Amino acid sequence: MTEKEAEEAPRIGVYVCHCGLNIAGTVNCEAVARFAATLPNVAISKDDRYTCSDQGQELIKNDIKEHNLNRVVVASCSPRLHESTFRKACEDAGLNKYLFEMANIREQCSWVHIHDKEAATEKAKDLVRAAVAKVALLEPAIETEVPITRNALVIGGGVAGIQSALDLADTGYKVYLVEKEPSIGGRMAQIDKTFPTMDCSICILAPKMSDVGHHPNIVLLANSEVQEVKGYIGNFKAKVLKKPRYVTDECSACNDCTEVCPVTVPNEFDIGLATRRAIYTPFAQAVPSTYIIDRGICLNKEGIMACDKCIQACERKAIDFDMEPEPLELEVGTIIVATGAEVYDPSSLTNYGYTRYQNVITSLEFERLINAGGPSGGNLIRPSDRKIPESVAFIQCVGSRSERGNPYCSNVCCMNTIKDSLLIKEHWPDVEIHVFYVDIRAFGKGFEDLYTRAKEEGVIFTRGLPAEIVEDRKTHNLWLIGENTLQKELYKINVGMTILSIGIQPCHDSDTIQRLCTLSRTLDGFFMEAHPKLRPVDAPTGGIFLAGCAESPKDIKDSVTQASAAAARAGILMAQGKVSVEAITPKTIPENCQLCGLCARVCPYNAIAVDKERKLVEVAEAACAGCGTCGAECQFEALHMRHFTDAQIMSQIDALVEEAPDEKIIAFCCNWCAYAGADFAGVSRMQYPPNVRIIRTMCSGRVSPKFVEHALSRGVGAVLVAGCHPGDCHYINANIQTRKRVEKLWKKMDRLGVDKNRLQLLWASAAEGEKVASKAKEMQATLKKLTPEEVEKGKQAFAGS
Amino acid sequence: MVPRKLWRRPLDSEQIKLPKAEIHIIPDLCKGCDFCIEFCPRKALEESDKLNKRGVYPPKVADESKCTLCGFCTAICPDFAIFTTEKKEETSRNGR
Amino acid sequence: MASGGSDSMKIALIPKEIREKTKSCFECGICTASCPMAELLQPHYNPRILLQKTLTEPEKTLNEDTLWLCAWCYKCYERCPQGLKPPEIFQLLKNEAVKRGFLEGFERAVSKIADVPLSVISLYTCFHPERANISVEKVAEALQKAAIIEEQIPGKAEANQRKKIAIVGSGPAGLTAACELAKAGYPVTVFEALPQPGGMLGKSMPAYRLPRKALESEIQLLEDLGVNMRVNQKVGKDVSFEQLWRNGYKAVFVATGAHKSRRVGIEGEDTKGVVDALEFLWKINMKEKITLGRKVGIIGGGNVAVDAARTALEYGAREATILYRRSREEMPANPWEVNEAEEDGVKLEFLVAPSKIMVKDGKTTGLECIRMELGELDETGRRTPIPVEGSEFSVELDTVIVAIGEEPETSFLPREIELDRGRVAVNPITMETSMKGVFAGGDVVTGSATVIEAVLAGIRAASSINQYLTKLKLEGGAY
């Protein structure tokens, strides 16, 4: 399709689909088709039983050729379902796919107004009229392709990051693996055994760690931090700071330096259960194995060398106090975020006495205690007297499923406790073990077996959490006081040690990663995936993928599965070597642009750059996701939002309010949540008043105040702006602008004496069809009270918009 | 929330044997530059309240257990007025 | 799906938001295990089950006696993982029960309350039938009669118990233990430092919360039971601790409460016009004249602060403002009573800390304050207040009442009795201290707490003392 063709007068073909009786049972499709034939620029209008069928598509293709159509409208189901089908048909017939438009007369008409055939038919006519008006103004577009750099950045060196890095490296891509700690390994390295198979954790992890260290395609950057990420899918530039270890690669990990180092502190790896020196390696299997000096506690401060014991002890002369931080700039095509999670700190639950009672420990501390390589040599000793306790208790859900901690289930604690109880039974069968729980969630492969085994081994499971732990000051034994909620009896149980089965929570610095990679987070604080079912490892930002506990709490198996999936997803992109970008990005109109920079400020993707010197606003097309919030912000009509232009949307409004505007509600719905929610209402056959007319935009952030004002000036009864819940925006946070704009409009309406109830804002997710339906009902009620004077007032107030 | 501070006494805290130090000061050699006090990385020294022959306040030991035998005081002292030796616990007990 | 009728009934009984929130209860049992009443009336009272019933069969709960047995200590709320407030949920149902005239449950509850030691005092300070528009005085009368009748049942206490017991302190913990032990036939002597028995009940509890008559009648009942009440006898001053052993006492129960007020530690604290809350309430209770001036500020967020504020308004202050350094959620005071104080006209200022008393001519003229913001969680599980720089401001005040908490006074105790952070350390199950034959309970162990918790401590101690004196062996104990 050439531009010349598009410039020709529009010749539109309209196809009204019966969808069997799904539409035709309510809407008089023949009447709608006849009506469409009367609309301007319509060359041909037909109704058809199943337009999406092969015959239906053939009909369109033939008509395009036979009748020389240059625009097509199909009135049928939701564009979310079949837009791509019909676009493909148009393309097959030689018509540019961007010259096609759909009218949603099924999910948003016939299915939701089943009992009002007349009104449904009228609504279908309106929707077709709007589609015809828009399609006449559509422009052909060619999708641009962006090349993809065939390098990947993996952030986080836990088991998820390790797996992703190895998979990508084995596929043949170069991988930068950045880890902030001195060694990779993450939480899995701290754990003793894994459930349900009871494999030794470090024994299965260490070979993988070592593979990372030796892989020719992996650049391991431990003790390093990502400081900046710029660019877009396929073309990221990441700044990484490699912090000095003060020990060179010459280090042979002989430990001579550590033996002479005079400074000791509690070791982070053992959660303070053992000491380390100022020069140290976090654990025996650390990768890289090169030692590191903790300058925070080393006697040698900036410029003063007080102690040279390690230097003296090192035969290979590997110690270098002059090492400097090394800033690196990496060019990568894809990024995998595998930053992991932290454990919940139970010290704020004062009734459990953690930090007050020596013998109350956390499940992570337990892992170090039971580990043969750990500080107690694998002996389950309690801290107060270093003796093996006669009885222990586990308390579940500490900091999980609670308003006082985190509201979600941490997923791994139940099985971890069962595993731990079996470990105790294996070594010390006489130790009495109590597990206090509210629900045992043993849902995975092999999990139930393990649970059964624990019960067989004599682990006592009691339903009901202790309300309080009190310590016997003489023996340092602990009294657990609670209610057995199955027996409805209070219990007071005396044990030698208590293990708090603590939950998992997002890393305290995950907001930094969120900012750097423009990610979204769910209310729980974990990173949000692009789609919970079908794109579970894609981040909403193109080219970025999620793996491991950064996305949600999960066990090792799930982390590794997700890591391989993320590597595969990243690999697909890099194998293709290029990516095409939907042609819905803005084009700048330089002659209108005042270089104010407002568009750049509201862009959630930093895709707009204002170059004051060259007097240019540039849109990085590949970075842009097409939300259109820049277009809504621009005061000077300097941004042409392709496929959702001001003129196109205005024409839709005009078409929808051509008849009886004061009885109608114009609803602007974002493609991902509100529009999908309205579709869901249709699928669920939730009935609502038929006077709602929905206009689809990609994001509610596209809704410019002038659209609303225009609608009011045309005397529309009410306007609804609907988008994703704050925090769930498909375009990171563009809907924050929506809220601001609507609030501003409310103020303006107030000032102008227009009833501000006529403009409503709704947050509805794709699953909240009910919300859309009830909002429609609610607005219908207010519409009934609307007086002609009020309508006139609105018209006057916004006349000329 | 920032990661919790490590609060326990490490289980191996008794096994870790760091050499014990004995700090020797020869007060009358000191000219009172205070370098040793200022630069001691563990702040094991402080100014004494007795004047020496040279009319200055020489250092005195504030807390001998803090000394790690790094020897920096010896190296930095312009007057050879301070040095450290490793304390042999048994011999010192036998010596009495 | 539930039928329309019962569904709308549920809506009518409990507001939707509370009902929705209550659904998050996953029955961990922490509320019941925290509840002093659940232990006292074991197994009859179980707030967890009651709470579940309010969801599944709200109408049935209206006739339950358990609905009326909550003692408003909010221990359940303090620990509930979901932050539910069972006392307030139960209150909604109580209101409904009264509205519909369902009072059988309440009447049965009264007979249960009669079994609680110090039933009349507990009624006034813990059960609060007046919150559901039931006359507390009438119930008190009935309880009193029941108590007198019970006392007249002979033979229960055989005088075969010769072993003398000394109880130090006559607050709710001491009185409860005295009552229980006297009933078991022991000769009990209560030593009280003040000229009247009752401890905090008489000293600082405002008369609007506990009429003097109720306290006096309870004491009378105890004396009728044979308890020897010795006022103006401060152990450690008038009688030494060692003397107790010499005088033949075989067991001692230390229940001296927490009477030592903490100081704010700011400039001008000793100025005229700055008063300690306990002292203020004590003077009011002793009918001493007090000039408060027009504006009174109360520093603190506990129950004593709330009592002091309400009392200040009652005794002539035009304005009483509570200044608390954290937010409302962190206030240790009983939330219901905070609301009541607000209804009385007490003003609340949150996230404010005093920095200096303003003084003119030796008299207090106001308070310099600084705004706070909440930081990380501290060791008490609450968020630490941090001063906001440059947010200093001042308020004009005629009187500043300091109510930032009370600590036990323990200097009179022998050294053998170990302390834990200023409080007497006990075996949590048996209430024994580290000295043989000495038990302790109430605020002296826990720090300031509610009456019902002190009553429970008294009961636990009495049972341990009985066991100790009969068998010299304690279940769960070290001896």
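Here is a walk through the cysteines and surface patches of this structure.

What you are looking at is a predicted model, where local features need pLDDT of at least 70, side-chain atom pairs count only at pLDDT 80 or more, and totals for chains, interfaces and linings use all residues. Residues are numbered from 1 along each chain as its sequence is written, chains are lettered from A and ligands numbered from 1 in the order in which they are written, and side-chain values use heavy atoms, with hydrogens and water left out.

Let's start with the sulfur atoms. A disulfide is a covalent bond between the sulfur atoms of two cysteines. Here the term is given to a pair of cysteine sulfur atoms within 2.5 Å. Counting over all chains, you'll find two of them. If you number the bonded cysteines along chain A, the pattern is 1-2, 3-4.

One of these links ties A:Cys200 to A:Cys203, with 2.1 Å from S to S. Turn the view to look about the S-S bond and you get 75 degrees, a right-handed link. How open to the outside are its two ends? A:Cys200 is partly exposed, with a relative accessible area of 21%, and A:Cys203 is also partly exposed, at 47%. For these words, buried means under 20% relative accessible area, exposed means over 50%, and partly exposed is in between, using a 1.4 Å probe and protein chains only.

Now move along to A:Cys673 and A:Cys724, whose sulfur atoms sit 2.4 Å apart in a disulfide. The torsion about their S-S bond is about 95 degrees, so this disulfide is right-handed. The pair links distant parts of the chain, 51 residues apart: A:Cys673 is in the loop between strand S35 (665-670) and helix H19 (674-683) of chain A, while A:Cys724 is in the loop between strand S37 (718-723) and helix H21 (735-751) of chain A. Helices (H or I, at least four residues) and strands (E, at least two) are DSSP runs, numbered from the N terminus. Both A:Cys673 and A:Cys724 are buried.

A:Cys634 counts as buried, with 14% relative accessibility. Over in chain C, the sulfur of C:Cys126 has its closest cysteine sulfur in C:Cys73, 8.2 Å away and too far for a bond. C:Cys126 counts as buried as well, at 2% relative accessibility.

Next, the surface. Patches are made of residues with over 30% relative accessible area and no salt bridge, with like charges joined within 9 Å and nonpolar side chains (Val, Leu, Ile, Met, Phe, Trp, Tyr) joined within 5 Å. A salt bridge, in turn, is a side-chain nitrogen of Lys or Arg within 4 Å of a carboxyl oxygen of Asp or Glu.

Which residues form the positive patch? They are A:Arg601, A:Lys740, A:Lys744 and A:Lys747. H21(A) gives the most to this patch, with three residues. A:Arg601 lies in helix H16 (residues 598-602) of chain A, and at 64% relative accessibility A:Arg601 counts as exposed.

Chain B brings a nonpolar patch of about 380 Å², made by B:Ile26, B:Leu29, B:Phe80 and B:Phe83. Accessible areas come from the Shrake-Rupley method with a 1.4 Å probe. You can find B:Leu29 in the loop between strand S1 (21-25) and helix H1 (35-39) of chain B, where B:Leu29 is partly exposed at 36% relative accessible area.

Technical notes. Lys and Arg count as positive and Asp and Glu as negative; His and the chain ends are not counted. The place of a charge is taken as NZ of Lys, CZ of Arg, CG of Asp or CD of Glu.
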